[in-house]
Amino acid sequence: MTSWLRTYGSVPLCLLLGFLGVCAEASRPGDSACWSPSITSCAECLRRGPQCAWCFKEDFLDGAGPSHRCDLPVNLLRRGCGQEFMEQPEIKVEVNASTSSTQVSPQDISITLRPGSEASFIVAVKQLERYPVDLYYLVDVSASMQENLDHLKTVGVALSLRMTEHSSDLWLGFGSFVDKPVSPYINVHPSKINNPCSDYEIRCRPAHGFHHVLSMTGNMSEFTRVIKRQRISGNMDTPEGGLDAMLQAAVCQRAVGWRPESKRLLLLMTDQPSHLALDSRLAGIVTPHDGLCHLENNIYTGSTRMDHPSVGQLSDKLLENNIYSIFAVEKQQYQWYEELVRLLPGSYLGKIGFFQAPNLIELVVDAYKRLLSEVAVSVSVEDKAVSRYWVSVSPICPDGSTVKDQSCTGVQPDQTVYFNITIGLRSCPDDGEDEDITVMVRPVGYNESTTVRVHSKCGCSCGPTGHCRDSNESPCSGTVDSTKWEQRPDQGLLKDSSRDSNWNCRADGSDVDCSGRGVCECGRCVCEQSRLGTVYGKYCEIDDFSCPYEGGLLCGGRGVCVSGECVCEDGWTGDSCGCTDSTATCQSSDGLLCSGRGKCVCGKCVCDDHRYSGNFCERCPACQTTCQSYWKCVGCHLSHGLTQKEAGHCNNTCASLVGYTDDVSGQTGEMWIQCMYISNDSCRYRFQTSSESGQNQLHISTRPECASNSRLVGTFLSVCALTVLCGLVVVAVSRLLLQKRGWSPGDAAEHGDYHCTGKDLSYIPTTNEKTVTYRRDHPPDRPVEMHIQVPKMPLGDPWQC
């Protein structure tokens, strides 16, 4: 069986009686959900959905195809099919109340489902105050666990004393594991097989996949004695065979000694990760694990023949045998086992730094309290039918809340958790026959469960006669020869050819039987079977394959194919029924169809002018603005003096309604657009336009905004005065800067010095000092240098001309 935990949204409860609630539900699709031209039998009709019914009345819609017999019950009644002629199996939920239990109720439920239907029921799980406890120690005895194994010697008695607070009946068991005793997991050298620790001069036991050492016992002294006799072993690779050993400890019920009425705890102790399924291919082992017990003399004999179990397989076996799993691992392996625990319902990861006795005792006690305070269920469907069913689980916790997870936490003794479980049937078996399967509802870690027997109703009985009027029945069944005979005195009985039965197989105006796509039998057409699709109709004139497709559906799924053309449903048109008659999708925000600039074709706007675009022909990048389009009209009215008497001359260029007003700001709103027009005399005229109610309106202001000549002259004079003022300010600032530097043209006059003319100023030398070197044609031993000194003159001293 395949099991899973799956949670949907809140499922409505129909009935709650004591510990049980039951309801049956079916979806309510549209009126056309049942009918399809491809339906030719009652079984096909029932597979359309739980809301569909099949009419097996003989003369129902005589001449129509068999597909019309499948419809909603209300439609069949309206067409003349009585309730007694309808095949519509009932969805039922029945509870066997004869069985009683202390923890899980009810324990037996029967359900009848149709394809597409679902049924809901409630399972109540009660938490008891005290349980007997079976704790099985499964210990990794590889060489790295030597110190941890020594710490177990004092655990038994101390744990028994501590657990008296929660259980008065504690039994312990013990088993060990290393890894598969084959290469490359162990060293297969002859000297290493019997003693893997020979290199360290230590006597070790041989490697083994699983060794059951001590069955469940309440004798703590015996448990301690067995632990003291344990010796370590060794292997080659890092991962160990922990999952392989866990499955054997779970399924070997008789050897381990699990008690039926106890809470079962399986404690795995290791300091390394575990091998997973398919890892055994390294050793050439490709046979999947069969999930059975393979112990001989308490030794696991299938270790070298079968692969490691998968996580899903191990999860199923732990749930099936009502076992909680506890993992005690070193800190380095927390992350690996955290991922594993998420996939194993009813498992707990202990975070301990080292395997000392106090830590192990606290780990077991904390795990026991936490696991018992969390209540969850697992729903298992038989493997042969798991793809045809779906299951949802919605817990109702003791405080009345409906949680999204698969379980309720913090449950106290004597409290009850209700699980609203819904089972739905997707489809029938391939042979179309009725099917009976078993669904198991198991509360995780509990010894009691609920058995749900599901009967899928896939076939049709069609009343006392058993005739469903399917298309595969002979057309002559239940009929008499309709051929008419006449008596003639000279020729005896003659067949009336005018009343030949074949005339009933020809459409009006046709000289071909059954449209050339069938044969006439007993006055009715039996249509041929085509590989392309179904041929049907009174004269085989209808098929479901020779018409256009849209979206992968014949006639877009909105019509039927008749004589190669789609006959669309109401509201649809087009070759493939892809065009809707509705114009709602073409209505723009102003209420106009395509903004008044196009037509609605197939639910989309087709603009009359190619310059317009958009979903509603509302965009036109190449067009003038709304205001610009009215400038010619406004200019015409201005040229005629804005008088109503002369307004008629502009009717050919203007909107239908043009009015004059003193103030265009009086009418505002989303429908009015404010605009501006500038005339040749530079006057501005304001106007506003609107297309409300589909009619263009234009209001022109009679008050122009013109600039006067006096105002322009004043502006010009102001600019000139400002320019002159700025020039005077610049001259004054320049003179002040020259005076601050200590020189002015009046200094020379005060000292009586001579003033140079403009011409003389060009000869004023620069203050400098130069060195000039002269050479003769026949110089002495070294050149003669002459120095000319030009002293610097103070800035204020005048130059003597």
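Which strand does aspartate 108 lie in? The answer is β8, a strand that covers residues 108–113. Keep in mind that you're looking at a predicted model. Here's a quick tour, starting with that aspartate and then moving on to some helices.

**Aspartate 108**
- With a relative accessible area of 13%, aspartate 108 comes in under the 20% cut-off, so this residue counts as buried.
- Its contacts, leaving out residues up to four places away in sequence, are Val95, Asn96, Thr450, Thr451 and Arg453.

**Helices α4 and α6**
- Helix α4 runs over residues 155–163 and helix α6 over residues 220–228.
- The two pack at an angle of about 150°, and their axes are 8 Å apart.
- On the α4 side you'll find Gly156, Val157 and Ser160, which meet Met220, Phe223 and Thr224 of α6.
- Sorted by class, this contact has three nonpolar residues, three polar ones and no charged ones.

**Helix α12**
- Helix α12 spans residues 631–639, and its buried residues include Cys633, Val634, Cys636, His637 and Leu638.
- Among the elements covering those buried residues are the strands β38 (657–661), β39 (672–678), β40 (684–690) and β41 (697–701).
- Just after α12 comes glycine 641, with a positive phi of about 80°.

**A nonpolar patch on the surface**
- Leu722, Leu725, Val729, Val733 and Leu737 make up this patch, and together they have about 470 Å² of accessible area.
- One of them, valine 729, belongs to helix α13, which takes in residues 709–740.
- Is valine 729 buried or partly exposed? Its relative accessibility is 46%, so valine 729 counts as partly exposed.

Key:
Residues numbered from 1 in each chain as written. Predicted model: local features only at pLDDT ≥ 70, side-chain atom pairs only at ≥ 80, totals over all residues. Heavy atoms only, no water. Patch = residues over 30% accessible without salt bridge, like charges linked within 9 Å, V, L, I, M, F, W, Y side chains within 5 Å. Areas by Shrake-Rupley, 256 points an atom, 1.4 Å probe, with all protein chains shown as cover. Salt bridge = Lys/Arg side-chain N within 4 Å of Asp/Glu carboxyl O. Helix = DSSP H or I, 4+ residues; strand = E, 2+ residues; numbered from the N terminus. Buried < 20%, exposed > 50% of the residue type's maximum accessible area, 1.4 Å probe, protein only. Contact = heavy atoms within 4.5 Å. Axes fitted to C-alpha atoms, helices over the stretch in contact; angles between N-to-C directions. Nonpolar A, V, L, I, M, F, W, Y, C, P; charged D, E, K, R; others polar.
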